Amino acid sequence: IEALGTGLLFLGWWSHYQWGSALYLSVFHAVSAFCNAGFTLFEGSLTAYRHEPFINGIFIVLIIAGGIGFVVLHELRRWVTKRIPLSLHSKVVLTTTVALIGAGTLLFFLLERKNAVDGLGLGEGLLISLFQSVTARTAGFSTVDFGQLTNATLFIVMILMFFGASPGSCGGGVKTTNLAILFITARNR
C-alpha cells in the first residue's frame with residue numbers, strides 16, 4: 001500500500017520537483033500517511049496542495065487504509081477477490097469509519113463555510129472538509145491554518161481526534177469499535 005502510494009504521489013509531484021526530490025518526498029509522505037503519523041517535510045503541512053484533488057485523494061486513501069486495521073484490509077481483499085463475507089468486526093469498523101468521516105466532513109464544511117472555506121468553490125470546500133475530517137482522526141496533516149478555524153470546528157476536530165482509528169491499525173485514539181459499542185448501548189437504553 002505504501003509502495004502504491006509512493007508511486008502515485010511521485011506522479012503528482014514529479015512536475016513540481018526534481019525526480020530525486022519527488023521520489024524522496026513521495027516515500028516519506030506515503031509512509032507517514034499510511035502510518036497515520038502526520039509528519040510532513042513541508043512548511044505549513046499540506047496547505048500548498050489543498051487545491052490538488054489528486055494529491056489530497058492519495059493522502060485520504062492512505063490515511064484510511066492505515067487507520068482501519070490490517071484485519072479489515074485482509075478481509076476487504078478477500079471480499080473483493082473471493083467474495084468471502086466480511087466479519088462483524090470489519091462491518092462495524094467500516095460503518096463507524098464512514099459515519100465519522102461523513103459527519104466530520106459535513107460539520108467542518110457547515111461550520112467553516114463563512115470562514116476557512118469561504119470564497120472557494122463547492123468542490124474545493126468539500127475536498128478541504130473531507131481531508132480535514134479524515135486526517136483529524138489520527139494523522140494530523142492539515143490543508144488549512146488551524147489558527148483561523150472557529151471554536152465550534154476545533155471542538156469537532158477534537159472529538160474526531162479522540163475517536164481515532166480502528167483496532168489493529170497504525171492509528172491511535174479510542175478505537176472506532178469502542179465508539180460503535182458505546183453508541184449501540186446508549187441507543188438500546
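Trainee: Is the crossing of helix 1 and helix 3 left-handed or right-handed?

Mentor: Helix 1 and helix 3 cross in a left-handed way. A crossing gets that name if the near helix is turned anticlockwise from the far one by less than a right angle, and right-handed if clockwise. Helices here are DSSP runs of H or I with at least four residues, strands are E runs of at least two, and both are numbered from the N terminus.

Trainee: What kind of model is this, by the way?

Mentor: This is a predicted model, where local features need pLDDT of at least 70 and side-chain atom pairs count only at pLDDT 80 or more, while totals for chains, interfaces and linings use all residues. Residues are numbered from 1 along each chain as its sequence is written, and side-chain values use heavy atoms, with hydrogens and water left out.

Trainee: Back to that pair. At what angle do helix 1 and helix 3 cross?

Mentor: At roughly 165°, and their axes come within 9 Å. Axes are lines fitted to C-alpha atoms, for helices over the stretch in contact, and angles run from 0 to 180 degrees between N-to-C directions. Helix 1 and helix 3 are therefore roughly antiparallel. The cut-offs are under 35 degrees for roughly parallel, over 145 for roughly antiparallel, 65 to 115 for roughly perpendicular, and oblique for the rest.

Trainee: Which residues make the contact?

Mentor: Helix 1 brings Gly5, Leu8, Leu9, Leu11, Gly12 and Trp13, and helix 3 brings Phe54, Ile55, Ile58, Phe59 and Leu62. By class, the contact of helix 1 with helix 3 has nine nonpolar, two polar and no charged residues. Contact means heavy atoms within 4.5 Å. For the classes, Ala, Val, Leu, Ile, Met, Phe, Trp, Tyr, Cys and Pro are nonpolar, Asp, Glu, Lys and Arg are charged, and the others, Gly among them, are polar.

Trainee: OK, on to helix 2. Where is His29, and what does it touch?

Mentor: His29 is found in helix 2. Leaving out residues up to four places away in sequence, His29 touches Leu9, Trp13, Phe39, Thr40, Leu41, Phe42 and Phe59. Take Phe39: His29 and Phe39 are ten residues apart in sequence and 7.5 Å apart in space, C-alpha to C-alpha.

Trainee: Buried or exposed, that His29?

Mentor: His29 is buried, with a relative accessible area of 0%. Buried means under 20% relative accessible area, exposed over 50%, and partly exposed in between, using a 1.4 Å probe and protein chains only. Other buried residues of helix 2 include Ala22, Leu25 and Phe34. The buried residues of helix 2 pack against helix 1, helix 3 and helix 4.

Trainee: What comes just after helix 2?

Mentor: Asn36, with a positive phi of about 55°, although it is not a glycine. Asn36 lies in the loop between helix 2 and helix 3, and at 7% relative accessibility it counts as buried. Ser45 is in the loop between helix 2 and helix 3 too. Ser45 has a positive phi of about 55° without being a glycine, and it is buried at 13% relative accessible area.

Trainee: New topic: how many residues of helix 6 are buried?

Mentor: Twelve of the 17, so helix 6 is largely enclosed by the rest of the structure. Its buried residues pack against helix 3, helix 5, helix 7 and helix 8. Helix 6 reaches 26 Å from its first C-alpha to its last, close to the expected 24 Å. That expected span is 1.5 Å times one less than the number of residues. After helix 6 comes Gly140, whose phi is positive, near 95°.

Trainee: And how do helix 5 and helix 6 pack?

Mentor: At an angle of about 130°, with their axes 8 Å apart, and helix 5 and helix 6 are therefore oblique to each other. Helix 5 passes helix 6 in a right-handed crossing. The contact of helix 5 with helix 6 has nine nonpolar, seven polar and one charged residues.

Trainee: Last one: where does Thr176 sit, and what does it touch?

Mentor: Thr176 is in helix 8 and counts as buried at 0% relative accessibility. Not counting residues up to four places away in sequence, the residues that Thr176 touches include Val93, Thr97, Leu100, Arg137 and Pro167.
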